[in-house]
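User: I am new to this structure and would like a short tour. Could we go through it together?

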Amino acid sequence: MTSPDKVSPRDRLLDAAARLSYREGVSVGIEALCREAGVSKRSMYQLFDSKDAMLAASLERRIPWYDTQLTHPDPEAATPRERILYVFERLEQASVAADYHGCPYLAVLVELKNPEHPAAEVARRVKERLAGTFRAEAERGGARDPELLARQLLLVFDGASARAGAGVERLDDGLTTATVTTLLDAAGVH
């Protein structure tokens with residue numbers, strides 16, 4: 001494991017941006033980000049063109065972790081139905097953590113009103129990819145209308161993660177997977 005003082009200033013800034021923007025929102029100030037990272041503002045601007053670019057880079061950097069969280073541990077052996085349900089089981093598990101604030105990519109899309117913001121572009125791409133994954137799994141599983149099912153699944157995912165992230169809903173009772181099971185049954189996914 002790398003000691004904290006061996007981590008590059010760039011990585012410390014990206015880690016700080018990921019932590020603070022998730023916990024406090026994308027409007028977190030540059031001073032707070034630099035203080036959290038232990039990096040001067042001057043160094044930050046040498047590494048990134050802007051706070052927006054840094055935020056986008058931190059979201060981009062988090063994609064492999066996000067994908068790993070939602071990918072079935074044995075994707076070759078699992079059925080399309082099992083792979084879809086796994087995403088929602090993981091969501092239910094993640095939602096009960098004390099520091100859970102919902103899907104980080106959805107949060108960015110909700111907070112940023114400018115669709116051309118670099119971070120919004122990264123977040124939109126991630127959400128579109130998740131919808132594409134749902135669509136592909138729905139097709140493999142024999143869904144009557146894979147596009148409609150993908151939209152429904154993304155709506156459940158985003159709605160459940162937003163409600164759990166806001167603290168108005170608990171997902172540990174299986175409601176999310178039960179809802180998705182009903183959708184999969186109705187769509188004919190096996």
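User: To begin with, is R129 buried, exposed or partly exposed?
Analyst: R129 counts as partly exposed, at 40% relative accessibility. Here buried means under 20% relative accessible area, exposed means over 50%, and partly exposed lies in between, with a 1.4 Å probe and protein chains only. The model is predicted: local features need pLDDT of at least 70, side-chain atom pairs count only at pLDDT 80 or more, and totals for chains, interfaces and linings use all residues. Residues are numbered from 1 along each chain as its sequence is written, and side-chain values use heavy atoms, with hydrogens and water left out.

User: Which residue forms a salt bridge with R129?
Analyst: The partner is D67, and the closest N and O atoms of the pair are 2.9 Å apart. A salt bridge is a side-chain nitrogen of Lys or Arg within 4 Å of a carboxyl oxygen of Asp or Glu. D67 lies in helix α4 and R129 in helix α7, so the pair ties together parts that are 62 residues apart in sequence. Helices (H or I, at least four residues) and strands (E, at least two) are DSSP runs, numbered from the N terminus. D67 is partly exposed as well, with a relative accessible area of 27%.

User: How many salt bridges are there by this rule?
Analyst: The count comes to 13 salt bridges. One of them joins R125 to E60, with the closest N and O atoms 2.4 Å apart. Since R125 lies in helix α7 and E60 in helix α4, the pair ties together parts that are 65 residues apart in sequence. R125 is partly exposed at 40% relative accessible area, and E60 is partly exposed at 36%.

User: What about K127 and D158, buried or exposed?
Analyst: Both K127 and D158 are buried. They form a salt bridge whose closest N and O atoms are 2.6 Å apart. K127 is in helix α7 and D158 in helix α8, so this pair ties together parts that are 31 residues apart in sequence.

User: And which residues are linked in a network of salt bridges?
Analyst: R83, E137 and R140 are linked in such a network.

User: Changing topic, how much space lies in the largest pocket?
Analyst: About 440 Å³. On a 1 Å grid over the protein atoms alone, a pocket is an open set of points where a 1.4 Å probe fits, with protein on both sides within 12 Å along at least five of seven lines, and lining residues have an atom within 4 Å of a point. A volume is the space filled by probe spheres set on the points, which are joined across faces, edges and corners.

User: What lines the largest pocket?
Analyst: Its lining has 20 residues, and Y22, R62, W65, A94 and Y100 lie nearest the centre. Two or more lining residues come from each of α1 (9-24), α4 (51-70), α5 (80-95) and α8 (146-165). The largest share, five residues, comes from α4.

User: And the second largest pocket, which residues lie nearest its centre?
Analyst: D67, L70, T71, L130 and T133 do, out of 15 lining residues. That pocket holds about 300 Å³ of space. Helix α7 gives the most to its lining, with six residues.

User: Where does UniProt place the feature "domain: HTH tetR-type"?
Analyst: The unreviewed UniProt entry places that feature at residues 7-66. UniProt positions are given in the numbering used here, feature names are shortened, and annotations may be inferred rather than shown by experiment. In the model, the span is 78% helix and 0% strand, and its end C-alpha atoms lie 22 Å apart.
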